[in-house]
Amino acid sequence: FIYGTNVFANNESPNTRQFVLLQKAPGEAFQRNLSLAFGEKRYSSRTQLLLESFDFVQFRRRLNSSKSSLLTFTDLPPGFGRRVQIEFLGRPAWFPVGPALMAIANRMPILPLLNFSVGNANRIQLWPLIEPQRQAGQDIEEAAREVTQRLSYPLQWLLQRFPEQWR
C-alpha cells in the first residue's frame, strides 16, 4: 500500500491535486516510514481523506474544480458502503460499488493499479483505463455493476497468477 501510493503520487503531473481515500488515519510510524522511504517526495497527509468523514458532495465539487486524482481501493472489508454482486473467479461475489459510482457521476476514468509483492520485491501493475459510460437507457446501478466487474479483472488476474497474495 505505502509503496504503491507513493509511486502513484510521484508519477502524476505536479499540478494535479491528489487525494487518497483511507479507511482510517495512518499512525506516526506510517508517516515516519513514508518520510524515510521517499523523503520530500512522499505524499502529504493533507491529501488523505478518511472514509468515516468523507462527504461525497463536497468532494465532487473539489474534483470538478481542478485537475485532481483519487486513489481508492476495491477490496474494502464489509461495512464500508454499498456493494454490488459480480462474478469473481467464477463465483458470485460482493464488491464495493463506490469507486464505480464516483467515476460515473463525475465522468472520470479509472486507472486500475495493483500493488503486490513477489518474493522480496514490490511490484506495481497498471491496467488500461476504464471509461465509465452509461449506455442509452441504462440505469446507474447497472452501469456501476458493469464498471465494478471490469474493475475486478486486474485483481482476478493477480490471484490466478499469485494466489499467495490472497489475505
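Q: Let's begin with Phe-116: does it count as buried or exposed, and what is its relative accessibility?

A: Happy to take you through it, with one note before we start: this is a predicted model. Phe-116 has a relative accessibility of 4%, and because the cut-off for buried is under 20%, Phe-116 counts as buried.

Phe-116 lies in strand 6, which spans residues 113-118. Strand 6 runs antiparallel to strand 7 (residues 121-126), and six bridges join the two. Along this pairing, Ser-117 stands opposite Asn-122 in strand 7. Strands 6 and 7 form a hairpin that leaves two residues between them. In the turn sits Gly-119, with a positive phi of about 65 degrees.

Now for the rings. The model has five aromatic pairs by the ring-centre rule. In one of them, the ring centres of Phe-116 and Trp-157 are 6.2 Å apart and the planes meet at 70 degrees, so this pair is edge-to-face. Trp-157 belongs to helix 5 while Phe-116 is in strand 6, so the pair ties together parts that are 41 residues apart in sequence. Both of these residues are buried.

Phe-116 also pairs with Phe-162. Here the centres are 5.4 Å apart with 35 degrees between the planes, and the pair is tilted. Phe-162 comes in the segment after helix 5, so its pairing with Phe-116 in strand 6 ties together parts that are 46 residues apart in sequence. Phe-162 has a relative accessible area of 17%, so this residue is buried too. Bring in Trp-127 and you have the whole group: Phe-116, Trp-127, Trp-157 and Phe-162 form one aromatic cluster.

Helix 5 deserves a look of its own. Ser-152 is found in this helix, and it is buried, with a relative accessible area of 1%. Setting aside neighbours within four places in sequence, Ser-152 is in contact with Ile-86, Glu-87, Phe-88 and Phe-95.

Helix 5 (residues 140-161) also meets helix 4 (residues 98-106): their axes come within 8 Å and cross at roughly 120 degrees. The crossing is right-handed. On the helix 4 side, the residues in contact are Pro-99, Ala-100, Leu-101 and Ile-104. They meet Ile-140, Ala-143, Ala-144, Val-147, Thr-148 and Leu-151 of helix 5. Sorted by class, this contact has nine nonpolar residues, one polar and no charged ones.

Most residues other than glycine have a negative phi. Arg-107, however, has a positive phi near 50 degrees. Arg-107 sits in the loop between helix 4 and strand 6, and with a relative accessible area of 75% this residue is exposed. Leu-89 likewise is not a glycine, yet has a positive phi of about 55 degrees. Leu-89 is in the loop between strand 4 (83-88) and strand 5 (91-96). At 36% relative accessibility, Leu-89 counts as partly exposed.

Key: Residues are numbered from 1 along each chain as its sequence is written. This is a predicted model: local features need pLDDT of at least 70, side-chain atom pairs count only at pLDDT 80 or more; totals for chains, interfaces and linings use all residues. Side-chain values use heavy atoms; hydrogens and water are left out. Axes are lines fitted to C-alpha atoms, for helices over the stretch in contact, and angles run from 0 to 180 degrees between N-to-C directions. Helices (H or I, at least four residues) and strands (E, at least two) are DSSP runs, numbered from the N terminus. A crossing is left-handed if the near helix is turned anticlockwise from the far one by less than a right angle, and right-handed if clockwise. Contact means heavy atoms within 4.5 Å. Ala, Val, Leu, Ile, Met, Phe, Trp, Tyr, Cys and Pro count as nonpolar, Asp, Glu, Lys and Arg as charged, and the others, Gly among them, as polar. Two strands pair if DSSP finds at least two bridges between them. Rings of Phe, Tyr and Trp (its six-membered ring) pair if their centres lie within 6.5 Å; planes under 30 degrees apart count as stacked, over 60 as edge-to-face and the rest as tilted. Buried means under 20% relative accessible area, exposed over 50%, partly exposed in between (1.4 Å probe, protein chains only).
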